[in-house]
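Morning, everyone. I have one structure to show you today. Please look at the screen.

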Amino acid sequence: MAKVKHLKTKTTIQLTLEEVHDWTKHVNEIDMMLDNISDMKDLYMSDVSNLDTIRWRLVRLLNLDWNRDEQRYVKGEDS
C-alpha cells in the first residue's frame, strides 16, 4: 500500500513496484485517451469512465477531500 506523507512544504509518496506498474498503466491509458481525442475530435464514454476511475484512485492515493465551499479537492484533514 502506498505511503503518503504531507509535510509543510512537500508531499512524499512511496509506492511498491506493483503500484508503480499500475500508475504507469494509468498514465498510458490517459495518453491513449488524449490521442483519441486529438485524432477523432471525440471522446468515448468508456474513456470518461476510465478517467473517473483514475481520478478517484488519485484522490485516495493523495488522501484528498472535496471542499464544497471552494468546489475543489484539498489535502485531507488527517494528512
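One definition before we start. Ala, Val, Leu, Ile, Met, Phe, Trp, Tyr, Cys and Pro count as nonpolar here, Asp, Glu, Lys and Arg count as charged, and the others, Gly among them, count as polar. Keep in mind that this is a predicted model.

Let's take the strands. β1 covers residues 3-6, and β2 covers residues 11-14. The two run antiparallel, with 4 bridges joining them. A hairpin of 4 residues leads from β1 to β2. Across the pair, V4 faces I13 in β2.

Now the largest pocket. How much space lies in it? About 250 Å³. Its lining takes in M1, A2, V4, L15, E19, D22, W23, R57, R60 and L61. So V4 turns up again here, as a lining residue. Both helices take part: α1, residues 17-40, and α2, residues 45-62, each give at least two residues to the lining.

Use the definition I gave you. How do the lining residues of the largest pocket divide? There are 6 nonpolar and 4 charged residues, and no polar ones.

On to the core. The largest nonpolar core has 5 residues: A2, W23, M33, I54 and L61. α1 and α2 are the elements that give two or more residues to this core. As background, nonpolar side chains tend to be buried together in soluble globular proteins. A2, W23 and L61 belong to the core, and A2, W23 and L61 also line the largest pocket.

Stay with M33 for a moment. What does M33 contact, leaving aside neighbours within four places in sequence? D47, N50, L51 and I54.

I54 has another partner. H26, in helix α1, touches I54 and R57, again not counting residues up to four places away in sequence. R57 is one of the residues lining the largest pocket. Is H26 buried or exposed? Its relative accessibility is 6%. Buried means under 20%, so H26 counts as buried.

Compare a residue on the other helix. S49 sits in α2. Its relative accessibility is 41%. That falls between the 20% and 50% cut-offs, so S49 counts as partly exposed.

One last distance. S49 and E77 are 28 residues apart along the chain. Their C-alpha atoms are separated by 28 Å.

To recap: a hairpin joins β1 to β2, and α1 and α2 each supply at least two residues of the pocket lining. Over to you for questions.

Note on methods: Residues are numbered from 1 along each chain as its sequence is written. This is a predicted model: local features need pLDDT of at least 70, side-chain atom pairs count only at pLDDT 80 or more; totals for chains, interfaces and linings use all residues. Side-chain values use heavy atoms; hydrogens and water are left out. Two strands pair if DSSP finds at least two bridges between them. On a 1 Å grid over the protein atoms alone, a cavity is a set of points where a 1.4 Å probe fits but cannot get out, and a pocket is an open set with protein on both sides within 12 Å along at least five of seven lines; lining residues have an atom within 4 Å of a point. Grid points are joined across faces, edges and corners, and a volume is the space filled by probe spheres set on the points. Buried means under 20% relative accessible area, exposed over 50%, partly exposed in between (1.4 Å probe, protein chains only). A nonpolar core is a set of buried Ala, Val, Leu, Ile, Met, Phe, Trp, Tyr and Cys residues joined through side-chain atoms within 4.5 Å. Contact means heavy atoms within 4.5 Å.
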